[in-house]
Amino acid sequence: MKMWNPEIEMMSRDEMAALQLPRLQWSVKHAYDNVPMYREKMKAAGIKPEDIRSLSDIQYIPLTSKHDLREQYPFKLVAVPMKDIVRIHASSGTTGQPITGCYTKEDLDMWSECLARLIVAGGGSNEDIVQISFGYSLFTGAFGLHAGWEKVGGAIIPISSGNTERQINIMRDFGATALVATPSYALYMAEVAEKMGQIDKLKLRIGLFGAEASTEEMRAELERRWGIIATENYGLTEVSGPGVAGECLHKCGMHINEDHFYCEIVDPETGKPLPLGEQGEMVITTLSKVGQPAIRYRTRDITRLLVEPCACGRKRIRMEKVKGRSDDMLIIRGVNVFPSQIESVLVGMEGIGPNYEIVVTNKGYMDYIEVKVEINDARLLERYGELENLQSRIRGALKTTLSIDCKVTLVSPNTLKRFEGKAKRVTDLREKK
Amino acid sequence: MYVKQISVFIENSPGKLADFTRLLGDNGIDLVSLSIADTTNFGILRGIVADYEKAVQIIESAGYTVCLTDVLAVTVPDKPGGLADILLLLSENEIAIEYLYSFVRNKGSNALIVFRVADIDKAQDILRAHHVNFLSQEEICNV
């Protein structure tokens, strides 16, 4: 199996730990010396950079939350003089003040190196013609993947997102073989390509999807509709952008670029580290980032780390598909529900399309959840009972998975929202008490 | 002599039915007969139109889910017991009716009944043997 950097990707776990320790010590000291927020937090916890003598000593450093970073908007996390910063990105800020990401030249090199690894791991090569359908903007996704593909040597079509019919025409005319997009936009593109009667005329062979959590069922749907191999990659603006981890063709978890990112799993309630292999919230520390280091950043992403060897030969630890951001989790009548659980029930089910919307409401102390899906099989209209059966089949499957009762609403095809970037499928209309 | 019926999925929310009938109207499609069954959250509109192929194309490209079904259309004397005679014939022969709807176009004469049964050929043979009058697509649309 092809690798971009076999030396790092196949390095033994002990050698990797030996590489990580001095980098961690450097990164902690760099943040302490140059970013007041980290210095104050560490002082308050009574810890100095010299106290980090082993990798596990990291647990004594306080965690950093999204809220902490927001307070440093825009440039108070920058650890070098502004003249050394060559790029500024920002998170979308949909849930509040945006978070900025500042990069030096070395940071951009590190970033594209990380992406080159996951591109090759996902089957990409310099033979590929690559359609990048992430929005080119402050968002890290497009520029990150762009730089990685440039390093690998693919021919990039920097088409950005939107104008979907044109995307399909360009894909056909330019003979694109690789697609970079969010899973939800890739799904919408497939629908449009099908409607245009073009999907069988494309040369697309691989898809590298990321920037939002998605399920195995969604992957299967994307692979089936496009006729491609789909891999997933992971990252976030707060620590650099995409490139933290990516799947190889075995699709059994995303290999982490451990030489640049130190990942831990903590209990989302208490913040205490959990034993390897347990599910919890991922916490990331950058090991080489110069412009804007991140120390013990709480991603709010719920996952699990896997150390068992992968058939591809890489020895880098893998993270499981993210189950959902802890702040995406809905609490319905006291039961924890991740939108990804609902997706896993709906996508691929016969009689309905893969798009869905979740609406949460309340009356007094009672929460109600409604799941809207599009019917896509006209034969169901022959008999009224068929539609009712479909509805109760979906309701039953949701109840089995979620342990709560959902109202299921069938709607006409192509009436639910489609997304050109990150999907937003949940509408929570509950009045806060 | 089957008649082609269109079935369309309509969401049960304000304005959806109006939107759909407006679509037909704007495209010069006359709904000759119409039946709607609904639950609290969706409905199925069933109807007969003259040019069903054109209608399906227009309805589909407007984004609706639509299917074509073979149904039987017969005339029944518009007087008490008219329908019962026909239904008795079918039940005596163990033919289940999935649904039916009626419409009257001319005052006082015959009622027209459209129905869908599980075994459409058998139903047709039986009714024909009893001289029930069938209508074709064209006949329905020109009543």
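Me: In what order do the elements of chain B run from the N terminus on?

Reply: This is a predicted model, in which local features need pLDDT of at least 70, side-chain atom pairs count only at pLDDT 80 or more, and totals for chains, interfaces and linings use all residues. Residues are numbered from 1 along each chain as its sequence is written, while chains are lettered from A and ligands numbered from 1 in the order in which they are written. Chain B has five helices and six strands, taken as DSSP runs numbered from the N terminus (helices H or I, at least four residues; strands E, at least two). From the N terminus on, the order is β-α-β-β-α-β-α-β-β-α-α.

Me: What radius of gyration does chain B have?

Reply: The C-alpha atoms of chain B fill a box of roughly 40 × 30 × 25 Å along the principal axes. For 143 residues, a compact globule would have a radius of gyration near 15 Å, the rule being 2.2 Å times the number of residues to the power 0.38, over C-alpha atoms. The value for chain B agrees with this and is 16 Å.

Me: Which strands of chain B stand at the edges of the sheet?

Reply: The open sheet of six strands has the order E2-E3-E1-E4-E6-E5 in chain B, with antiparallel pairing; two strands pair if DSSP finds at least two bridges between them. Each edge strand has a single partner strand, so one side of each is left without a neighbour in the sheet. The edge strands of chain B are E2 and E5 (97-103).

Me: How many of the seven residues of E3(B) are buried?

Reply: A residue is buried if 20 or more other C-beta atoms, placed from the backbone, lie within 10 Å of its own. Of the 143 residues of chain B, 26% count as buried. Strand E3(B) is mostly covered, and its buried residues number six.

Me: Which residue of E6(B) stands opposite Tyr101(B)?

Reply: E5(B) and E6 (residues 110-117) of chain B run antiparallel, joined by six bridges. In this pairing the residue opposite Tyr101(B) is Val114(B).

Me: At about what angle does H4 of chain B run to E4(B)?

Reply: Helix H4 (residues 120-129) lies across E4 (66-77) and E6 of chain B. Axes are lines fitted to C-alpha atoms, for helices over the stretch in contact, and angles run from 0 to 180 degrees between N-to-C directions. The angle to E4(B) is about 15°.

Me: Which strand gives the most to the side of domain 1 of chain B that touches domain 2 of chain B?

Reply: Chain B is divided into domain 1 (3-69) and domain 2 (71-141), with bounds from an automatic or database domain assignment. Nine residues of domain 1 of chain B are in contact with eleven of domain 2 of chain B, contact meaning C-beta atoms, placed from the backbone, within 7 Å. E1 and E2 of chain B each supply at least two residues of the domain 1 side. The most, three residues, come from E1(B).

Me: How far apart do the C-alpha centres of the two domains of chain A lie?

Reply: Chain A is divided into domain 1 (1-326) and domain 2 (330-428). Their contact takes 18 residues from domain 1 of chain A and 14 residues from domain 2 of chain A. The distance between their C-alpha centres is 30 Å.

Terms used:
Buried ≥ 20, exposed ≤ 12 C-beta atoms within 10 Å, placed from the backbone. Contact = placed C-beta atoms within 7 Å.
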